[in-house]
Amino acid sequence: MTIDPIADMLTRMRNALNAKHKNVSIPVSKTKLAIAELLLKEGYIASYKVEGEGIKANIVVEFKDNKVIQGLRRISKPGLRIYANVEDLPKVINGLGIAIISTNKGIITDREARKLGVGGEVLAYVW
């Protein structure tokens, strides 16, 4: 049992990228699926699929051939939650990266949150 499943997902992805693996397997949850969908939509990963079912299900994330993801960082942790309103939403590397924000509209990027005019919990940075 992991205390912080999002940090576990990001660490698995970071370790697989550093080891130059083509894919990585991550235990499935709704939040992790939403993050994987967001990374796919933003062009950071090639694809993802769910293998297995029930408690044994895993998300298999396929990386792109060229190193698109330079860094992954967890921001809001279980011991210290970080929230931002729409005016204070962070920009990652002056807009070159994305901040993953959990809002009442779902898990979205910082750009989408600015367009919708909503704030929320800053989950992670990807660049």
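This is a predicted model: local features need pLDDT of at least 70, side-chain atom pairs count only at pLDDT 80 or more; totals for chains, interfaces and linings use all residues.

Visitor: Is Arg74 buried or exposed?

Guide: One reads this from the relative accessible area, where buried means under 20%. Arg74 has a value of 9% and is therefore buried; as for its place in the fold, Arg74 is found in strand S4, which covers residues 72–74.

Visitor: Which backbone oxygens does the side chain of Arg74 reach?

Guide: The side chain of Arg74 reaches the backbone oxygen of Ser76 at 2.6 Å, and that of Leu123 at 3.2 Å.

Visitor: Turning to the sheet, in what order do the three strands lie?

Guide: The three strands form an open sheet in the order S1-S3-S2, with antiparallel pairing. Strand S1 (23–27) and strand S2 (47–51) stand at the edges, and because each has a single partner strand, one side of each is left without a neighbour in the sheet. On average, neighbouring strands of this sheet are turned by 25 degrees against each other, direction ignored.

Visitor: How many bridges join S2 to S3?

Guide: Five bridges join S2 to strand S3 (residues 58–62), the two running antiparallel; within this pairing, Tyr48 has Val61 in S3 as its bridge partner.

Visitor: Which helices pack on the sheet, and which strands do they touch?

Guide: Helix H1 (residues 5–18) packs on the sheet and touches S1 and S3, its direction making about 165 degrees with that of S1. Helix H2 (residues 30–42) also packs on the sheet, touching S1, S2 and S3, and its direction makes about 155 degrees with that of S2.

Terms used: Residues are numbered from 1 along each chain as its sequence is written. Side-chain values use heavy atoms; hydrogens and water are left out. Two strands pair if DSSP finds at least two bridges between them. Helices (H or I, at least four residues) and strands (E, at least two) are DSSP runs, numbered from the N terminus. Axes are lines fitted to C-alpha atoms, for helices over the stretch in contact, and angles run from 0 to 180 degrees between N-to-C directions. Contact means heavy atoms within 4.5 Å. Buried means under 20% relative accessible area, exposed over 50%, partly exposed in between (1.4 Å probe, protein chains only). A polar contact is a pair of N or O atoms within 3.5 Å; within protein, one must be able to donate a hydrogen and the other to accept it, and residues adjacent in sequence count only if both atoms are side-chain atoms.
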